[in-house]
Amino acid sequence: MVSGEQKRHNQSEGPLIPVPHSYPQETTVLSITRFHIHLVSDASGETVSSVARACLVQFENVESIRHLWWLVRSPAQVERVIDGITANPGVVLVTLMDGAVRGLLEDACRRLQVPYIPVLDPVMAALAGYLQADFGAQPGRQHALDAAYFQRIDAMHFTLSHDDGQMLHDLDSADIVLVGISRTSKTPTCMYLANRGIKAANIPLVPEIPPPAELLAAKRPLIVGLTKEPKSLTDIRRSRLRFLGGGEESDYADPERVRDEVNMARKLFTLHGWPVIDVSRRSIEEASAAILQLYARRKGSPP
């Protein structure tokens with residue numbers, strides 16, 4: 001349960017908003033370890049949340065109740081975090097740069113006998129030692145509105161306007177073009193790439209319809225074919241039809257038809273020498289990582 005203190009929002013101290021989240025487990029699990037974890041950041045909390053997710057997914061039969069504390073930059077805000085930790089003791093993961101603010105929270109965690117983990121410190125210390133250089137302590141500096149930020153925004157606009165075969169007239173302006181039959185994760189993969197600053201477009205392959213001439217004429221972008229196992233595709237398409245209220249007997253989800261589509265797409269990829277990523281057992285992140293490696297090799301630079 002979330003305490004009344006955690007739910008309060010003091011406008012004078014900025015948008016410090018703790019929100020509890022949980023990772024639900026399957027109902028078949030008989031024994032679940034539940035614990036509180038407090039994620040504290042002086043910025044948007046993106047970094048510390050990513051670290052927490054990456055670590056927690058490795059533990060089975062564990063349910064974490066997350067308390068998110070963002071934009072923590074003043075002693076008064078830290079006191080509210082401390083009140084929340086006191087009410088729900090647990091692990092504290094921190095990305096705070098200001099020494100005074102950090103000190104208050106660290107002292108409180110020591111007093112409450114809960115783990116205090118500054119997740120960036122080991123990496124920063126190792127880099128400082130290797131580079132023989134000091135590092136700054138500016139809150140939120142990693143989210144500054146720099147050129148990379150605007151590049152991501154530009155890439156997102158491009159990707160949205162070039163989704164599902166739209167805006168073919170300037171397809172050659174893309175960095176990466178994903179090609180595949182229906183339900184091969186083209187759109188979500190493009191959105192992930194756009195968030196990395198990549199201008200990504202995607203072209204659907206439709207039976208009996210030749211690929212657009214603009215795709216075959218494109219020289220600048222890396223063109224990647226996405227494929228998936230026919231059985232997996234059939235199951236996904238059947239679920240899609242049920243969601244839309246359609247009948248499962250449609251050719252769209254017919255196993256033979258799907259197999260023919262997969263073979264047709266693979267022949268096209270081979271004909272044009274496009275690299276192929278099988279997304280059957282890959283998450284969006286894993287597929288995107290493989291695509292980014294191909295893109296980096298094409299540019300002759302590390303991903």
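1. Two strands pair if DSSP finds at least two bridges between them. In this predicted model, strand S6 (residues 176–180) and strand S8 (residues 222–227) are joined by four bridges and run parallel. Within this pairing, Val177 stands opposite Ile223 in S8.

2. The pairing of S6 with S8 belongs to an open sheet of four strands, whose order is S7-S6-S8-S9 and whose pairing is parallel. Strand S7 (200–204) and strand S9 (276–278) each have a single partner strand and stand at the edges, so one side of each has no neighbour in the sheet. On average, and with direction ignored, neighbouring strands of the sheet are turned by 25 degrees against each other.

3. Which strands does helix H7 lie across? Helix H7 (residues 186–194) lies across S6, S7 and S8, and its direction is at about 170 degrees to that of S7.

4. Helix H11 (residues 284–299) is built from 16 residues. From its first C-alpha to its last, H11 reaches 22 Å, close to the 22 Å expected at 1.5 Å a residue. After H11 comes Gly300, which has a positive phi, near 75 degrees.

5. Which residues of H11 are buried? They are Ala287, Ser288, Ala290, Ile291, Leu292, Leu294, Tyr295 and Ala296. The buried residues of H11 pack against strands S6, S8 and S9 of the sheet and also against helix H7.

6. The structure holds one aromatic pair. The ring centres of Phe269 and Trp274 are 6.4 Å apart and the ring planes are at 45 degrees; the pair is therefore tilted, because planes count as stacked under 30 degrees and as edge-to-face over 60.

7. Are the two residues of this pair buried or exposed? Phe269 has a relative accessible area of 1% and is buried. Trp274, at 12% relative accessibility, also counts as buried, because the cut-off for buried is under 20%.

8. The protein averages a pLDDT of 86, and 84% of the residues score at least 70. Over residues 1–15, however, pLDDT stays under 50, and the model has 27 contacts beyond four places in sequence for this stretch. Residues 22–29 also have a pLDDT below 50, with 13 contacts in the model beyond near neighbours in sequence.

Terms used: Residues are numbered from 1 along each chain as its sequence is written. This is a predicted model: local features need pLDDT of at least 70, side-chain atom pairs count only at pLDDT 80 or more; totals for chains, interfaces and linings use all residues. Side-chain values use heavy atoms; hydrogens and water are left out. Helices (H or I, at least four residues) and strands (E, at least two) are DSSP runs, numbered from the N terminus. Axes are lines fitted to C-alpha atoms, for helices over the stretch in contact, and angles run from 0 to 180 degrees between N-to-C directions. Contact means heavy atoms within 4.5 Å. The expected span of a helix is 1.5 Å times one less than its number of residues. Buried means under 20% relative accessible area, exposed over 50%, partly exposed in between (1.4 Å probe, protein chains only). pLDDT is the predictor's confidence in each residue, from 0 to 100. Rings of Phe, Tyr and Trp (its six-membered ring) pair if their centres lie within 6.5 Å; planes under 30 degrees apart count as stacked, over 60 as edge-to-face and the rest as tilted.
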